[in-house]
Amino acid sequence: MVSFGKSPRLLVPNLFFFSSYCTRTQSQTPPFPSFRAAKSAILSESNPEKLAEIFEKCVHFPTFQRHRPIYHLSIRKLARAKRPDLIERVLQTQKNSLTPTANSSEGFWIRLMMLYSSAGMVNEATRTLHHMKACQLPLSEKSLCAVLAVHHNNRLFEKLRELFKTLPLELNVSPGVSCYNLVLKSFVEENDVEAARNWVEKMDREGEVAPNIESYNTLLGANLKNGDLVGFDGILKQIMTKELEFNLASYNYRISRLCKSKECARAKKLLDEMVLKGVKPNAASYNTVIDGFCRVGDSESARKVLEKMVTDGYVSPSSFPYYTLMWNGIKEGEFDLALETCKDIIRRRWVPPFKAVEGLVQGLAKMSRVEEAKEVVEKMKRRLKGPAADSWGRIEAALPL
């Protein structure tokens, strides 16, 4: 059993702890005229030393502090540059800029843990939790969940499960379903579906923390990934027996399972059902059904789902379903559908796949619809510039026009 509090690997240098806070004064002025300028400087800076300097100059200002994505972006860039020393330096600056109120905030320290995690600095993330415990800061299940998430995100699955056994007692924190689900996901990531299933059964049997819909969704995803449709249906029956409410992930897994079995009409009904029950679909919900219909050669049904996606207005359509429908129209010889889809793609200011346009133009030419084929070519030429235009020019030269 590993002792969290006494392990020498987790001892923290004295410089980690601080006893004073930087005072914000009126004389401090932002180094950039606007937050946008500071963000632009960080985005464009390739020198890690200069990036760290920009970060340190901006970190005291509230607008910068509130924008969490800029923190993750900065840390990721420093991590790619293999500069953990600079990551430690900029985060130390963040710690030193704390007010007493922020210092006592569990959320702030969890945020630091996740920044360390995104850089692969697992020991530093764990030390942050050690610091919270040593300073008697308030700890809840969120802190326990955070350190487990750090190990999960860095694929340290055995260590995660070890900490799950030891940390709750040492921190005097009871793990909730989120912590249990992280252990569950660790088994799934190792593709040990049987262990994952046993873990959920253990949760259900012992009753201290009952599995929730996220627990069962994890099992649904694992069975679907392995192509175990019988196992998938068994988990689905358990969810229904327990009368748990299906959420977006549940519906998407069920839609995907039906499409894998070429039961696309049922998948479409399930899509309608989720909307009727107030579960907002995402792009994957529609795209899976569209792709499923295309795979069974039902372009017309796929087109109707795409139209529904546009009229429902829950998500902004991406290029994927349009490309899928265009390719399928060409494959099935449905050139009217492929042509209209190609026009839609260009109207939306996307560039259709060159090979698909080549197939469309060749198909139209064989049908003696040369003028329509030429119109497609002209629209393509207007959309392309630079090397892309040159690549298309070589394809165009070989077209039968």
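Colleague: Is arginine 257 buried or exposed?

Modeller: Arginine 257 is buried, with a relative accessible area of 12%. Buried means under 20% relative accessible area, exposed over 50%, and partly exposed in between (1.4 Å probe, protein chains only). Keep in mind that this is a predicted model: local features need pLDDT of at least 70, side-chain atom pairs count only at pLDDT 80 or more, and totals for chains, interfaces and linings use all residues. Residues are numbered from 1 along each chain as its sequence is written, and side-chain values use heavy atoms, with hydrogens and water left out.

Colleague: Where is arginine 257 found, and what is arginine 257 in contact with?

Modeller: Arginine 257 is in helix α15, residues 248-260. Helices (H or I, at least four residues) and strands (E, at least two) are DSSP runs, numbered from the N terminus. Leaving aside neighbours within four places in sequence, arginine 257 is in contact with Leu224, Leu229, Phe232, Asp233 and Glu263. Contact means heavy atoms within 4.5 Å.

Colleague: And lysine 95, buried or exposed?

Modeller: Buried, as the relative accessible area of lysine 95 is 0%. Lysine 95 belongs to helix α5, residues 84-96. From lysine 95 to methionine 274 there are 179 residues in sequence and 45 Å in space, C-alpha to C-alpha.

Colleague: New topic: which residues does UniProt list for "repeat: PPR"?

Modeller: The unreviewed UniProt entry lists residues 247-281 and 282-316. UniProt positions are given in the numbering used here, feature names are shortened, and annotations may be inferred rather than shown by experiment. In the model, residues 247-281 are 74% helix and 0% strand, with end C-alpha atoms 10 Å apart. Residues 282-316 are 77% helix and 0% strand, and their end C-alpha atoms lie 9 Å apart.

Colleague: How do the axes of α11 and α13 cross?

Modeller: The axes of α11 and helix α13 (residues 213-225) come within 10 Å and cross at roughly 10°. Axes are lines fitted to C-alpha atoms, for helices over the stretch in contact, and angles run from 0 to 180 degrees between N-to-C directions. Therefore α11 and α13 are roughly parallel to each other. Angles under 35 degrees count as roughly parallel, over 145 as roughly antiparallel, 65 to 115 as roughly perpendicular and the rest as oblique.

Colleague: Which residues make that contact?

Modeller: Val177, Asn181, Leu184, Lys185 and Val188 of α11, with Glu214, Ser215, Thr218, Leu219 and Ala222 of α13.

Colleague: What covers the buried residues of α8?

Modeller: The cover includes α7 (106-118), α9 (141-153) and α10 (157-171). Among the buried residues of α8 are Val122, Ala125 and Leu129. Just after α8, glutamine 136 takes a positive phi of about 60°.

Colleague: Where else is there a positive phi?

Modeller: Asparagine 172 has a positive phi of about 60° although it is not a glycine. Asparagine 172 sits in the loop between α10 and α11 and counts as exposed at 71% relative accessibility. Arginine 349 has a positive phi of about 70°, and arginine 349 is exposed too, with a relative accessible area of 63%.

Colleague: Last one: what is the mean pLDDT of the chain?

Modeller: The mean is 88, and 91% of the residues reach 70 or more. pLDDT is the predictor's confidence in each residue, from 0 to 100. Over residues 1-27, pLDDT stays under 50.
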